[in-house]
Amino acid sequence: MMKKIYTLIIGLVLGLMSIALFAATGQLKPYQGKLTSPQINLQDLHGHRHQLDDYAGNIVLVQFWATYCTPCRKEMPSMNQLIKKMEGKPFKIVTVNMAESKQDVEQFIQQVPVDFPVLLDTEGATLNQWKVFAAPSNFILDKEGNIIFTLFGAIDWDSDDMVKKLSALTTL
Amino acid sequence: MLLFRHLFAIVMLLLFGMMVSVGTVSAEETLSLEINEDTEIEILKIGAPSSQAVIWFACNQGAETAEYQTARKMASLGYQFYFPDMLSAHFLSPTPSNIARVPTDEVVVVIEHILKQTTAEQVILVGGARAAVPVIKGLAEPSVKAHKDKIKGAVLITPRINQKSPEPGAEPVYISEVGRSSHPIVVLEGERTPNRWGLPLLKTRLSRSGSTVATDLIKGVRGYFYLREEKTPAEEAAMEHFDQLIHEQIQKLGTTS
């Protein structure tokens with residue numbers, strides 16, 4: 001019993017510490033939305049279906065983006081670099097295009113090659129469920145698939161600071 | 001010979017009519033409205049007196065702005081335009097934040113003044129991007145709301161009326177005046193902007209106090225496309241029909257929900 005309480009307290013302390021750490025950046029913010037069990041069930045550009053459950057056990061960056069979003073275009077190479085820097089750690093990136101045509105997205109990806117899945121939210125149902133009204137909209141999910149942080153706008157995802165913070169999350 | 005004289009007279013009359021028509025359609029003048037000792041607002045008037053007048057709160061001032069060019073084209077469709085320069089009186093540059101800070105009482109004075117001045121039967125308010133804020137502020141004021149019949153409604157073109165940047169996972173937070181209007185409103189949004197996903201919510205919020213709200217997407221364009229310097233081919237094409245598009249939205253006011 002005591003062991004359970006001890007584990008719970010440690011978990012809470014670590015959780016609070018990580019929230020404080022991220023909130024301090026002024027960019028990543030604790031998630032304040034109401035989506036308790038976020039879902040993704042979409043196909044990528046190659047027709048493979050992706051579900052959020054497939055990523056369980058990983059810290060996941062879910063990004064909603066669009067081809068007309070200039071900041072999205074600029075930051076994507078840094079996301080490729082982030083994957084390299086996080087190699088060996090339980091960390092994944094999944095991106096969701098905001099209801100554009102497959103042809104438009106493919107054309108974009110030819111110009112800006114990416115090392116992560118690009119899912120097509122053809123009808124915009126997923127972005128509506130996640131309440132996305134701006135691009136890029138970023139969500140960080142914990143290993144259980146809960147949204148813990150959000151970030152609006154583009155950043156250098158491979159900065160030392162971000163790598164350090166995401167790495168810390170993977171150890172929780 | 002007599003036939004020639006008649007023909008000559010008819011041609012002369014036609015030419016005179018065309019000259020008068022062109023002269024009136026392109027008529028432009030600037031009015032000055034003294035708000036108080038320190039503030040004088042200039043209002044550019046484009047087009048001849050007509051049954052419909054448009055008060056357009058523009059993002060920019062200057063002869064070549066998309067708004068003025070559109071007004072000049074629309075004047076021939078039977079509209080007279082009023083462009084109040086809400087910023088120069090305060091020595092402010094036309095930035096989005098400055099436009100949003102325009103005092104509501106000045107917006108009301110301008111609207112009231114134009115309502116008194118115009119002979120038009122109906123007046124329409126237009127505002128785009130951040131300049132939709134003064135339109136929303138004006139429509140929320142009781143003295144403006146009282147003009148139930150004279151003000152036909154408002155057309156908002158890709159409006160940006162958020163209080164702050166949208167947070168992922170949270171509904172947009174609009175300025176407090178949203179939802180306090182009762183006049184019909186039409187919202188035009190670009191198809192290629194994330195803001196389009198907020199349209200259903202915006203419609204609900206805007207209609208809280210009785211406004212009939214219609215929304216429409218402009219195919220292939222980004223938000224506030226008409227203000228962008230570098231336009232895509234689809235946006236250039238949309239500009240060709242921008243005057244017609246706004247004319248159609250004005251006709252739609254109050255007829256659809």
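Leaving aside its neighbours within four places in sequence, Lys45(B) is in contact with Ala27(B), Glu28(B), Glu29(B), Leu31(B), Gln80(B), Phe81(B), Tyr82(B) and Gln117(B), where contact means heavy atoms within 4.5 Å. Lys45(B) belongs to strand S2 (residues 40–46) of chain B; helices (H or I, at least four residues) and strands (E, at least two) are DSSP runs, numbered from the N terminus. With a relative accessible area of 11%, Lys45(B) is buried. The term buried stands for under 20% relative accessible area, exposed for over 50%, and partly exposed for what lies in between (1.4 Å probe, protein chains only).

The model is predicted: local features need pLDDT of at least 70, side-chain atom pairs count only at pLDDT 80 or more, and totals for chains, interfaces and linings use all residues. Residues are numbered from 1 along each chain as its sequence is written, chains are lettered from A and ligands numbered from 1 in the order in which they are written, and side-chain values use heavy atoms, with hydrogens and water left out.

Chain B also contains helix H5 (residues 132–140), in which nine of the nine residues are buried, so the helix is largely enclosed by the rest of the structure. Among these buried residues are Val133(B), Ile136(B), Lys137(B) and Leu139(B).

We turn now to the nonpolar cores. A nonpolar core is a set of buried Ala, Val, Leu, Ile, Met, Phe, Trp, Tyr and Cys residues joined through side-chain atoms within 4.5 Å. The largest has 55 residues, of which Val62(A), Phe64(A), Trp130(A), Phe139(A), Ile140(A) and Trp157(A) touch the most other members. Several elements of chain A each supply at least two residues of this core, including strand S4 (59–65), helix H2 (70–85), strand S7 (137–141) and helix H5 (160–170). The largest share, six residues, comes from S4(A). Beyond its neighbours within four places in sequence, Phe64(A) is in contact with residues including Val96(A), Met98(A), Leu127(A), Trp130(A), Pro136(A) and Phe139(A). Another core, of 46 residues, lies apart from that one and has Leu115(B), Leu139(B), Val144(B) and Leu156(B) among its members.

Some backbone features deserve attention. Most residues other than glycine have a negative phi, and most peptide bonds are trans. The peptide bond from Ala135(A) to Pro136(A) is cis, with omega near -5°. Pro136(A) lies in the loop between helix H4 (125–129) and S7 of chain A, and Lys131(A) is also placed in the loop between H4 and S7 of chain A. Lys131(A), although not a glycine, has a positive phi of about 55°, and at 30% relative accessibility it counts as partly exposed. In chain B, Phe91(B) has a positive phi near 55°. Phe91(B) sits in the loop between strand S4 (79–85) and helix H3 (96–100) of chain B and is exposed, with a relative accessible area of 81%.

Finally, the two chains meet at an interface in which 15 residues of chain B are in contact with 25 residues of chain A. Chain B and chain A bury about 1,600 Å² between them, 62% of it on carbon and sulfur atoms; buried area is the accessible area (1.4 Å probe) that two parts lose on being put together, summed over both. Three salt bridges are counted between chain B and chain A, a salt bridge being a side-chain nitrogen of Lys or Arg within 4 Å of a carboxyl oxygen of Asp or Glu. Arg192(B) forms a salt bridge with Glu100(A), their closest N and O atoms being 3.5 Å apart.
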